[in-house]
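Opening the notebook on a new chain today.

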Amino acid sequence: MRLGAAVLASASLFALAPSGPPPVAVLPARLADTGGGSQLVTAEAPRADATSGTLSWWDLRGGRWVRAGSAPARFGARGLVEGGARRQGTNTTPTGLYGLPYAFGTRAAPEGTAMPYRRVRQDSWWCQDNASRSYNRWTEPRPADCRAAESEHLIGYARQYAYALVVGFNYERPVRGRGAGIFLHVDGSGPTAGCVSVPEDAMRRILAWADPARGPHIVIGTTGGETALTRY
């Protein structure tokens with residue numbers, strides 16, 4: 001090959017080479033921890049004072065995270081705050097990585113639900129009384145040391161709790177005053193009191209997708225800053 005032809009061929013190959021920055025890894029691959037399972041829910045707000053954002057659920061397949069679904073999400077009326085610094089009654093959603101112990105609802109479990117599922121009954125309560133031995137626990141019936149005014153009568157939220165997943169925030173070893181009753185549930189009419197909510201159809205799809213054998217977790221956070229999802 002003549003020198004001129006060789007130079008031209010090299011220039012052509014260079015022009016065909018990919019340019020620009022490498023593709024950004026999908027969100028779960030950028031997290032510090034995903035809980036060790038092969039299913040993950042990400043709830044992302046654009047900033048800490050936001051009350052809405054995006055929720056996605058992911059499967060780990062062949063070493064790569066693949067998005068299985070996505071939906072608009074709502075957060076606490078006063079935004080999001082670091083889970084370890086959260087205080088009860090502040091209407092903030094706690095950021096962090098949490099397990100999903102079980103599901104519940106005022107309606108029957110959607111077809112395909114594999115998560116343990118508790119049906120809400122007339123005497124089902126979630127105790128939020130800091131003085132109670134049942135703090136941050138489902139109780140049936142409500143115990144004497146758990147004041148009704150400091151708890152949620154679950155059946156009273158038939159729309160929001162049609163389908164829900166317990167978020168394991170402050171759950172294993174509850175710290176009094178940090179907060180109780182944080183769930184992933186169906187949207188109400190606006191922001192939440194600290195939970196994460198999505199449209200009903202999305203909640204049904206999530207329950208049919210979640211598999212306890214695959215160790216599903218949820219990570220809640222913001223796009224950047226001190227409460228960025230990538231910190232967890």
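This is a predicted model: local features need pLDDT of at least 70, side-chain atom pairs count only at pLDDT 80 or more; totals for chains, interfaces and linings use all residues.

Ground rule for the rings before I count: I pair Phe, Tyr and Trp rings (Trp by its six-membered ring) if their centres lie within 6.5 Å, and I call planes over 60 degrees apart edge-to-face.

**Aromatic pairs.** By that rule I get 9 aromatic pairs. I looked up Tyr102 and Trp138: ring centres 6.5 Å apart and planes at 65 degrees, so I log the pair as edge-to-face. Tyr102 is in the loop between strands S5 (93-99) and S6 (103-105), while Trp138 belongs to strand S9, so this pair links distant parts of the chain, 36 residues apart. I checked burial too, and both Tyr102 and Trp138 are buried.

Next I took Tyr161 and Phe183. Their centres are 5.4 Å apart and their planes stand at 90 degrees, so this pair is edge-to-face as well. Here I have Tyr161 in the loop between S10 and strand S11 (164-166) and Phe183 in strand S12 (residues 183-186), which puts them 22 residues apart. Tyr161 and Phe183 are both buried.

**Cluster.** Which residues form one aromatic cluster? I find Tyr102, Phe104, Trp126, Trp138, Tyr157, Tyr161, Tyr171 and Phe183 in it.

**Charges over rings.** Arg137 has its charged end over the ring of Tyr171, 4.0 Å from the ring centre. I noted Arg142 over the ring of Trp125 too, its charged end 4.9 Å from the centre.

**Cysteines.** How many disulfides does a search of the whole structure find? I get 1. The partners are Cys127 and Cys146, with sulfur atoms 2.2 Å apart. I read 120 degrees about the S-S bond, and the link is right-handed.

Buried or exposed? Cys127 has 0% relative accessibility and counts as buried. Cys146 is buried too, also with a relative accessible area of 0%. I looked at Cys195 as well, and with 6% it is buried.

**Whole chain.** I count 2 helices and 14 strands. Of the 232 residues, 46% are buried. Taking contacts between residues at least 6 apart in sequence, I find that 61% join residues at least 24 apart. The chain exposes about 11,500 Å², and carbon and sulfur atoms supply 51% of that area.

Key
Residues are numbered from 1 along each chain as its sequence is written. Side-chain values use heavy atoms; hydrogens and water are left out. A disulfide is a pair of cysteine sulfur atoms within 2.5 Å. Buried means under 20% relative accessible area, exposed over 50%, partly exposed in between (1.4 Å probe, protein chains only). Helices (H or I, at least four residues) and strands (E, at least two) are DSSP runs, numbered from the N terminus. Contact means heavy atoms within 4.5 Å. Accessible areas come from the Shrake-Rupley method with a 1.4 Å probe; for residues, only the protein chains shown count as cover. Rings of Phe, Tyr and Trp (its six-membered ring) pair if their centres lie within 6.5 Å; planes under 30 degrees apart count as stacked, over 60 as edge-to-face and the rest as tilted. A charge sits over a ring if NZ of Lys or CZ of Arg is within 6 Å of the ring centre and within 35 degrees of the ring normal.
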